[in-house]
Amino acid sequence: MTEHVRKILERIDNEYGTDYKCYLNHENAWQLLIATMLSAQCTDARVNIVTADLFQKYKTIDDFANADLKELEQDIHSTGFYHNKAKNIIACCKDLRDKFDGEVPRSIDDLTSLAGVGRKTANVIRGNIFHDPSIVVDTHVKRISKKLGVTKEEDPVKVEMDLMKKLPKDHWILWNIHIIRLGRTICKAPTPKCEECFLQDLCADYAARQKKKQTVI
């Protein structure tokens with residue numbers, strides 16, 4: 001771990017603490033899996049509104065596996081991309097029922113074999129349900145990790161692999177939790193509140209922009 005990364009982690013831990021927090025409401029592994037699938041291109045707040053009713057209507061994996069596609073589409077319509085999401089949720093739950101005895105698998109290979117489940121979703125499950133060290137690369141993590149100079153990669157999988165090398169394992173899950181909070185409150189896209197940021201002096205992007213301003217002047 002470089003000194004730069006150590007300072008960022010120390011600062012961010014002091015600001016946000018080190019408690020694990022999942023922003024998607026769930027009571028078990030399969031509910032978190034479905035909630036995470038719904039969260040693609042959608043806010044966690046909206047997903048939580050939808051799943052409050054959804055998990056009352058569909059109480060088991062079987063209920064989702066046997067769901068009517070058009071009806072499920074209407075149930076999740078407000079999360080966006082509802083046709084693909086509904087199709088993938090039904091196919092995913094059929095696989096959970098038929099291939100995994102109704103249990104959400106633990107390994108990255110088994111998880112990503114499920115319809116609609118990529119590495120991001122798989123790592124949410126591994127980190128939050130099984131507590132396996134894992135790095136979730138969402139839009140906040142990709143954007144802000146690059147701004148801070150922790151990675152230069154663009155592809156989410158390459159970002160994940162790079163962060164695994166740069167960050168200590170005990171901060172793999174925490175990095176996602178902290179960076180999401182930072183991205184929602186201070187380092188917003190496209191208008192970050194740099195003057196309010198407690199990482200301002202450690203941010204490579206901020207330093208580059210300040211240097212550019214001085215050059216122009």
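How far is the sulfur of Cys 42 from the closest cysteine sulfur? The sulfur of Cys 42 lies 14 Å from that of Cys 22, too far for a bond.

## Model and conventions

This is a predicted model, in which local features need pLDDT of at least 70 and side-chain atom pairs count only at pLDDT 80 or more, while totals for chains, interfaces and linings use all residues. Residues are numbered from 1 along each chain as its sequence is written, and side-chain values use heavy atoms, with hydrogens and water left out.

## Cysteines

Searching the whole structure for disulfides (pairs of cysteine sulfur atoms within 2.5 Å) gives 0. For Cys 92, the closest cysteine sulfur is in Cys 93 at 5.2 Å, too far for a bond.

Cys 42 counts as buried at 18% relative accessibility, and Cys 92 is buried with a relative accessible area of 0%. Here buried means under 20% relative accessible area, exposed over 50%, and partly exposed in between, computed with a 1.4 Å probe on protein chains only.

## Helix α1

Helices are DSSP runs of H or I with at least four residues, numbered from the N terminus. Helix α1 covers residues 3-16, and its 14 residues should span 20 Å at 1.5 Å a residue; the end C-alpha atoms are 20 Å apart, which agrees. The expected span is 1.5 Å times one less than the number of residues.

Val 5, Ile 8, Leu 9, Ile 12, Asp 13 and Tyr 16 are the buried residues of α1. They cover an arc of only 125 degrees around the axis, which puts them on the same side of α1; the arc is taken from the directions from the helix axis to the C-beta atoms. An α-helix has 3.6 residues a turn, so residues three or four places apart point the same way. Among the elements covering the buried residues of α1 are α10 (156-166) and α11 (172-185). Gly 17 follows α1 and has a positive phi, near 80 degrees.

## Nonpolar cores

A nonpolar core is a set of buried Ala, Val, Leu, Ile, Met, Phe, Trp, Tyr and Cys residues joined through side-chain atoms within 4.5 Å. In the largest one, with 37 residues, Leu 33, Ile 34, Leu 54, Phe 64, Leu 72 and Ile 89 touch the most other members. Elements giving two or more residues to this core are α2 (29-38), α3 (44-57), α4 (61-65), α6 (82-99), α7 (108-112) and α8 (119-128). The largest share, 8 residues, comes from α2.

Not counting residues up to four places away in sequence, Ile 89 touches Ile 34, Met 37, Leu 38, Phe 64, Leu 72 and Ile 76, where contact means heavy atoms within 4.5 Å. A second, separate core of 27 residues includes Tyr 16, Val 150, Cys 194 and Cys 197.

## Glu 160 and helix α10

Glu 160 sits in helix α10 and is buried, with a relative accessible area of 5%. The Glu 160 side chain makes a polar contact with the side chain of Arg 119 at 2.7 Å. A polar contact is a pair of N or O atoms within 3.5 Å; within protein, one must be able to donate a hydrogen and the other to accept it, and residues adjacent in sequence count only if both atoms are side-chain atoms.

Val 159, Glu 160, Asp 162 and Leu 163 are buried in α10. The buried residues of α10 pack against α8, α9 (139-147) and α11. At the start of α10, a side-chain oxygen of Asp 155 comes within 3.1 Å of the backbone nitrogen of Val 157.
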